Amino acid sequence: MDIWTIRRDDGFFVTNDPARLDFDFIHAGLTSSYWSPGISREKVEKAARHSVAIGLYDFNCFQIGYCRVVTDHTHFAYLADVWVDPRRRGGGLGTFLVDSVVNQPEWHHLRRFLLFTADAHGLYARFGFGALEKPERAMVRLGSA
């Protein structure tokens, strides 16, 4: 995997460097989210290992956000677990994180980039996400968790 880093002029940066990930921070954030309340740290770390895990960091190199991309790097990607520390929201950091991820050159050729959200449709619409064009073609098999 190629490691990439994108920096803003104010020192905030996004990187897929797995050595920088702070799983104490990531687990605390995700367990408090509406989509994975109470998730175990073991599951958070396993999901990161099987994805392209991406961190958002401040100018002091403290992690303040996270997301991951599940992809085959050829046709399909799924953006998951997008989360920014609530104390750091409102300064465009979520936009910076999503922009940095979905506009990675390695994913420009993908046929589909999916995500699920309950409350951030406006954010993702800025990056071309919308409702399924032909929802009758999509199916889901729900698990027990």
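Eight aromatic pairs are present in the structure, which is a predicted model. One of these is formed by Phe-13 and Tyr-57, whose rings are stacked, with a centre-to-centre distance of 5.1 Å and an angle of 20 degrees between the planes. This pair connects distant parts of the chain, since Phe-13 belongs to strand β2 (residues 13–15) and Tyr-57 to strand β3 (residues 52–57), the two residues being 44 residues apart. Both Phe-13 and Tyr-57 are buried. A contrasting geometry is found for Trp-107 and Phe-113, where the ring centres are 6.1 Å apart and the planes stand at 85 degrees, so that the pair is edge-to-face. Trp-107 and Phe-113 are likewise buried, and together with Tyr-124 and Phe-129 they make up one aromatic cluster.

Aromatic rings are also approached by arginine side chains. The ring of Phe-13, already noted for its stacking with Tyr-57, has the charged end of Arg-7 over it, at 4.5 Å from the ring centre.

Asp-81 lies within strand β5 (residues 76–84), and its relative accessibility of 14% places it among the buried residues, because buried means under 20%.

Methods: Residues numbered from 1 in each chain as written. Predicted model: local features only at pLDDT ≥ 70, side-chain atom pairs only at ≥ 80, totals over all residues. Heavy atoms only, no water. Phe/Tyr/Trp six-rings, centres within 6.5 Å; stacked < 30°, edge-to-face > 60°. Helix = DSSP H or I, 4+ residues; strand = E, 2+ residues; numbered from the N terminus. Buried < 20%, exposed > 50% of the residue type's maximum accessible area, 1.4 Å probe, protein only. Lys NZ or Arg CZ within 6 Å of the ring centre and 35° of its normal.
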